Amino acid sequence: MKRSSIICLIVSFLLLFVSCATTGKFNQARFDEALFRGEYDTCADMLERKKESKHNLLKKSLDVNMLRYQSGDYLASGKGFLESKTIFQKTTGAYTPAMYVQSAIVNEENTLYYGPVYERILTYSMRAIDSIKLDALDNAVGVMNDYTGTYRDIINDLILKQRQIEDESGNFLENSTVSKSLDMLYKGGINIDTNKFKAPKKYQSQYETSPLMSYLGTVVYAAYGDNEHARDFYSVLKKDNSSLDLSEVLEVPQNKGHLEVLALSGLIGQRSECSSKLIFVGAVEGVPIYFKFTYPQFLPQKHLVDAVEISLSNGEVKKAALVENFDAAVLDDVKSKQYGAFNRSVVRNIVKNATALTTVISSRILMENAPSDVVRSIAQISYNSSRLALPIAMPLIVDAEKADIRQAAFFPHMANSAGFSVKPGSYDVTIRYLSKGEVVEEEIIKDVFVENGKVTVVAGSTAK
């Protein structure tokens, strides 16, 4: 077989390990430009038309719906997030942990994106906020009823599967494919001591309830006059964010009404790839063999908006309290996945290298033990061709090793709120988004009517 044919075969084989999501006519540069200009409707349209791998349909749905929200199309956003919830439910049952780990042996992004717990809760939160923006309190209550009715079973199943995936990934030496690959490498003169490869510390996610969702449950039910459910949500909120005082939401002061203002700001922090230095594990036929291990990480990130100030037309001004910083949720999720991701990376390094070396090692062994000159001659040709291909094939394996850093990109960075117990009447609400004390954006919600003895909820947001 010609050298070029051998190289093409090996390169074609390695390309199977690379994610093959198609982008159709999607233009990333134009998308980024529109995003920078704040043309969120354009971004949503572009992303919606983008052809996407079946593995990433959930991520696409979440991103499109958040862009719809940022563009002010709250009706489309709310309907879209309801569809996202359906996708969530389907993806939870689509994979067993064993199937997930097996898929990840090919490539991390060859797995179905099923979304972490915080994204699942945020779909409920954003549906409720879309309803608040549409002044549709009944719909917001319906979201809360849906959440209390189905959430726990769905999330418990997801949490259990995630822990099983981590456990399955940690038992990679029990995989027959790995054992055979280690044996092939050994025949090539490479003895892999897997004990030297230290995975990040195993971590169990702590994120099972969202302060934002608990806040929304408290204020939405209170506004609806259902203080029993409001108190249930508030009890959970006090565990997750004890600094928030919503006592006047539950008991509105006499002869006053209560106005709650929620402000979302920024875009959620993004995970990145942590990649080890190249690790020399040996040489086959004079060609050095390197391993590279990857897994997701979350580094501290800068956000423009660092505080929010809210004022009413009656002159009252308050610094909004932090309800939830979603970067913390991303960090928790990343930490919970590092152990399994590292171990799966070890598996891929072993299996891919063994696969690429199989022809040269096997043909050399056959050549040395050939029962006849004809067999030896055939083995020699195979050996020579595959040997020449190795210097090209091996770097491709290193380059193809990537961490899975997929996540929904357009959820908010943080949620802040302020509450005002005021005389019944109409008020203009001004939300000022601050950066180091300077106003970077101001939003005015006009003619908010507050009734005596009742709770009113409004929401604002900026993607800055």
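Visitor: How many of the nine residues of strand β1 (residues 257-265) are buried?
Guide: This is a predicted model: local features need pLDDT of at least 70, side-chain atom pairs count only at pLDDT 80 or more, and totals for chains, interfaces and linings use all residues. Residues are numbered from 1 along each chain as its sequence is written, and side-chain values use heavy atoms, leaving out hydrogens and water. Buried means under 20% relative accessible area, exposed over 50%, and partly exposed in between (1.4 Å probe, protein chains only). Strand β1 is largely enclosed by the rest of the structure, because its buried residues number nine of the nine.

Visitor: Which residues point the other way from Gly 257, Leu 259, Val 261, Ala 263 and Ser 265 in β1?
Guide: Strands (E, at least two residues) and helices (H or I, at least four) are DSSP runs, numbered from the N terminus. In β1, residues point two ways, and all are buried. Opposite to the Gly 257 group point His 258, Glu 260, Leu 262 and Leu 264.

Visitor: Which strand pairs with β1 in the parallel sense?
Guide: Two strands pair if DSSP finds at least two bridges between them. Nine bridges join β1 to β9 (residues 414-422), and these two run antiparallel. There, Leu 262 has Ser 417 as its bridge partner. The parallel pairing of β1 has eight bridges, and its partner is β12 (residues 455-462).

Visitor: Which strands stand at the edges of the open sheet?
Guide: The sheet has four strands, in the order β8-β9-β1-β12, with mixed pairing. Each edge strand has a single partner, so one side of each is left without a neighbour in the sheet. These edge strands are β8 (321-325) and β12.

Visitor: At what angle to β1 does α10 run?
Guide: Axes are lines fitted to C-alpha atoms, for helices over the stretch in contact, and angles run from 0 to 180 degrees between N-to-C directions. Helix α10 lies across β1, β8, β9 and β12. Its angle to β1 is about 150°.

Visitor: Are α8 and α10 roughly parallel or oblique to each other?
Guide: The axes of α8 (residues 137-170) and α10 (residues 211-224) come within 10 Å and cross at roughly 130°. Angles under 35 degrees count as roughly parallel, over 145 as roughly antiparallel, 65 to 115 as roughly perpendicular, and the rest as oblique. Helices α8 and α10 are therefore oblique.

Visitor: How many nonpolar residues are in the contact of α8 with α10?
Guide: Contact means heavy atoms within 4.5 Å. Residues of α8, including Leu 137 and Met 144, meet residues of α10, including Leu 216 and Val 220. Ala, Val, Leu, Ile, Met, Phe, Trp, Tyr, Cys and Pro count as nonpolar, Asp, Glu, Lys and Arg as charged, and the others, Gly among them, as polar. The contact has three polar residues and one charged, and the nonpolar residues number 11.

Visitor: What is the relative accessible area of Tyr 151?
Guide: Tyr 151 has its place in helix α8. Among the residues that Tyr 151 touches are Ile 121, Tyr 124 and Glu 208. Tyr 151 is buried, with a relative accessible area of 4%.

Visitor: What share of the 464 residues in the chain is buried?
Guide: The chain has 14 helices and 12 strands. Its C-alpha atoms fill a box of roughly 105 × 40 × 35 Å, taken along the principal axes. Of the 464 residues, the buried share is 53%.

Conventions:
Lists of a residue's contacts leave out its neighbours within four places in sequence.
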